[in-house]
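Let's take a walk through this protein together, looking at a few spots up close.

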Amino acid sequence: MADRCGTAPELSRRRVLAVGGGLGLLAAGSLALSGAMAQHPTRTGGQLRSTAPLPDPYTVPLPIPPVLRPAASRAGGDRYEITQREVDAEVLPGTRTRLWTYNGTFPGPTVESRRGRTVHVTHRNELPVPTVVHLHGGRTPADSDGYPTDLVLPDGWPEPSAHPHHGAPTTSGTASMTGMAAMSGMRDPHAVTSRLERTYTFPLDQRATLLWYHDHRMDFTAPAIWRGLAGLHLVRDAVEDALDLPGGARELPLMIADRAFAADGSLIYPALDPTLRERPGVRGAYAAGVLGDVILVNGAPWPVHEVDAVRHRLRLLNASNARHYDLEAVTEDGRRLDLVQIGADQGLLAAPVTHTSLPLAPAERYDVIIDFAGLPVGSLVRLRNQLGSGRTRDVMAFRVARTARDDSHVPKTLADDLPDWRREDATAVREFAFRAGHMEHGRGWLIGGRAFDPERTDVTTRLGALEIWRFVADVHHPVHLHLVGFQILSRGGKAPLPHDAGLKDTVSLRPGESAEIITRFDGYRGRYLFHCHNAEHEDMGMMANLRIT
């Protein structure tokens, strides 16, 4: 059997068929051990309670994040500049909230780019702590991928080597994943730190899709994203351009996230160290994930958006730390509108898939068409979360404002450039267990029984290798691979679910579930990550190193 978390042996095609075909049977034994976990509720984590006055749903207009203009453009690509800084912004009506932002907005500005046209983004860190930027879903060289110890240090911050070794917190359930307190990077001989600024280079040799960029600092990713460090990045290409999909004002980027607010409007987050300088982790009740009771879309609480009575394209991103959604679009008379999925994390599907509801785990993206044709002017369509309760059941609403002509359509064939990866061609099979467990200083979240260590290589593969990876979960774990997209082969030894179609970079494992994926490790050599994208799990150990040679 393949290693739990490490280099798998090279396998003959016949061996791969035997091992791969038997994974469904092997899953039964693994799942029996975690059978009790399968009874866990659909949400993972503890929910915070806001004490600030909250607006009624569907009263705040939906903001659209601004598109960033290049600072310079040349034949070889475009250069952008982003400053990371604190601002006081109005999130709840009439109240100011201190946020950490990209260019002063939450979400940060949207970068729009073309496939194969290189983008250089210079980030300037004017925040009080080190930061790291990761372009989630990007095919990015390792030195620009945003490895957690490749810190951009703020002005005046001591060099990493100047710090003494910090011990991990000892509070039960809140252990740091390495105990190095993130600010250092001194235990990582390969870390490359920068002072004040760093330029990230994104070749974007990849299919058109919705990516997002966010902070990825060691041990402190979760609170940094919670404070506002997230933004969208759209990649366009000729394949997408040739389709008559809804565009312009009828293409809506929707970043969905949950937060909680104190009476003075400040964000509530249960950090052990609110300065995010030395002691990582959260209070024990939230170690499984932090949930807010206010649903934000593009930074606005339960917003409403006026639409024409035509098709619209929704570019959905779940940017929540830990909250899962199961989205449905419901009319005032209780009818559910079809959600026609045309794309996944890594771009267009081969053909549309129609849903009446669509599950969305942290970091997942879906490209969806919704048709408001035939609805009365003035009517309201609610986008709701079937997994929520009370006010967290509401997400946003669309108000049909006018009739209009619709020149768009959804073709039966969307794209023919998806990879044709076959199980029998894989040269390695690996298995990884994503489970809670004991670490040196307390409980944490582990992959293959081990917490993340930047000094350790967990998996080594060669450039161009085609592999099958199998994941087994105890509770909800959205598993993300850096650099590559993948296809989902099975869940629990059975066929993938309808929303698993297309090319993904994040797979949502449900409690007690196993899943198989297949991918080719192409693009670039170097050190990359795979991890759970429940941000609290990630900060508390659930990451591993992948080295491509």
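## Rings, charges and one aspartate

Start with Phe 398: its relative accessible area is 1%, which means it is buried. Keep in mind as you go that this is a predicted model. What angle do the ring planes of Phe 372 and Phe 398 make? They stand at 50°, with the ring centres 5.3 Å apart, so we call the pair tilted. The two come from distant parts of the chain: Phe 398 belongs to strand β26 (residues 394-402), while Phe 372 is in the loop between β24 (365-371) and β25 (380-385), and 26 residues separate them.

Now look at where the partners sit. Tyr 147 is in the loop between β7 (133-136) and β8 (152-153), and Phe 452 is in the loop between β28 (442-447) and β29 (459-461), so the pair ties together parts that lie 305 residues apart in sequence. Are these two buried or exposed? Tyr 147 has 4% relative accessibility and counts as buried, and Phe 452, with a relative accessible area of 1%, is buried as well.

Tyr 147 has something else going on: Arg 527 lies over the face of its ring, 3.6 Å from the ring centre. You can find a charge over a ring at Tyr 200 too, where the charged end of Arg 198 sits 5.6 Å from the centre. Then hop over to a cluster, in which ring pairs link Phe 432, Phe 434, Trp 469, Phe 471, Phe 521 and Phe 530.

Asp 237 is found in the loop between β12 (230-236) and α4 (238-241). Its relative accessibility is 6%, and the cut-off for buried is under 20%, so Asp 237 counts as buried. What does its side chain reach at 3.3 Å? That would be the backbone nitrogen of Val 239. A polar atom of the Asp 237 side chain also lies 3.0 Å from the backbone nitrogen of Glu 240. If you set aside neighbours within four places in sequence, Asp 237 is in contact with Arg 114, Arg 115, Arg 207 and Ala 208.

Technical notes:
Residues numbered from 1 in each chain as written. Predicted model: local features only at pLDDT ≥ 70, side-chain atom pairs only at ≥ 80, totals over all residues. Heavy atoms only, no water. Helix = DSSP H or I, 4+ residues; strand = E, 2+ residues; numbered from the N terminus. Buried < 20%, exposed > 50% of the residue type's maximum accessible area, 1.4 Å probe, protein only. Polar contact = N/O pair within 3.5 Å; in protein donor to acceptor, adjacent residues only side chain to side chain. Contact = heavy atoms within 4.5 Å. Phe/Tyr/Trp six-rings, centres within 6.5 Å; stacked < 30°, edge-to-face > 60°. Lys NZ or Arg CZ within 6 Å of the ring centre and 35° of its normal.
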